[in-house]
Amino acid sequence: MTSTIQRQELQNKIWKIADNVRGSIDGWDFKQFVLGTLFYRFISENFSNYIEGGDESVNYASLSNDVITPELKADAIKTRGYFIYPSQLFVNVAKTANTNPNLNTDLKAIFDAIEGSANGYASEDDIKGLFADFDTTSTRLGTTVADKNKRLAAVLKGVEELNFGNFEDNQIDLFGDAYEFLISNYAANAGKSGGEFFTPQSVSKLIAQLALHKQTSVNKIYDPACGSGSLLLQAKKHFDKHIINEGFFGQEINHTTYNLARMNMFLHNVNYDKFNIKLGDTLINPQLG
């Protein structure tokens, strides 16, 4: 699937989801639910792939939570940085989304559990707050639990229908593209764009190629205004077969895009010990270097 087709499919799906919840959620708030759900789906799929280890006879989503031993959980957290039980996976939650009377509180408990699984481990700071912008109990979703659940189910089901195959093989930066599309269609109209500008992926790719030209190894890659991590990811794609000793580093002033950058690292198999993304104004308070 080409980048143009993937991008068009993503945008069409976002519009379809918007139609299902139109009039109930402000466009600026709507983007948080779409982006959070996209991340929830793909972090679930990536974790399942890790547990299954390529063994087609294993279906992690179908297992009972009871088969998870403390040793297995601890080992997974040390390796991946977090843990998701089978019942907490996106595929299982989406399956019953339309009929689950506790959907909004179940999702909150799941997100808290995923973030909390890293407490006390080296990955704690990298996982903390990843779902902070995805408030499933917010009154913005509706005034009643039934209203909240109906709109959450619509978003879950919409994201469930997206078909991108192997995430790492995608030709687009899913989160960067989704965020930019949502910003351009909602934030500008709401007067909330905040002067945000996005580096086109073609430019990010060119910068990465120029910076890494003829290099066989790199100590670290740093972007002082990393946004959703597009430039860092382009550098990874261009340099994947070579040595990056210390990994990927960046700082971002916007809390939402800061979270997206961290999400993108995980979803492109940059492990928590190979990236360090900080929140803050690089000009006033540089936290790296």
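The side chains of E124 and K128 meet in a salt bridge, with 3.9 Å from N to O, a salt bridge being defined as a side-chain nitrogen of Lys or Arg within 4 Å of a carboxyl oxygen of Asp or Glu. K128 also forms a salt bridge with D125, where the closest N and O atoms are likewise 3.9 Å apart. Through shared partners, these salt bridges join E124, D125 and K128 into one network. The model is a predicted one, in which local features need pLDDT of at least 70 and side-chain atom pairs count only at pLDDT 80 or more, whereas totals for chains, interfaces and linings use all residues. Residues are numbered from 1 along each chain as its sequence is written, and side-chain values use heavy atoms, with hydrogens and water left out.

Relative accessible area was classed as buried when under 20%, exposed when over 50% and partly exposed in between (1.4 Å probe, protein chains only). D112 is partly exposed at 41% relative accessibility, and K108 is partly exposed at 38%. The count of salt bridges comes to 6.

Helix α1 (residues 3-21) has 19 residues and reaches 27 Å from its first C-alpha to its last, close to the 27 Å expected, the expected span being 1.5 Å times one less than the number of residues. The buried residues of α1 are Q6, L10, K13, I14, I17, A18 and V21. Because they cover an arc of only 140° around the axis, they fall on the same side of α1, the arc being that of the directions from the helix axis to the C-beta atoms.

A search of the whole structure finds 2 cavities of 30 Å³ or more, a cavity being a set of points on a 1 Å grid over the protein atoms alone where a 1.4 Å probe fits but cannot get out. The largest cavity holds about 70 Å³ of space, the volume being the space filled by probe spheres set on the points. Its lining residues, which have an atom within 4 Å of a point, include Q32, L35, F131, D133 and M263. The largest share of this lining, 4 residues, comes from α11.

Methods. Helix = DSSP H or I, 4+ residues; strand = E, 2+ residues; numbered from the N terminus. 1 Å grid on protein atoms, 1.4 Å probe; cavity = no way out; pocket = protein on both sides within 12 Å on 5 of 7 lines; lining within 4 Å.
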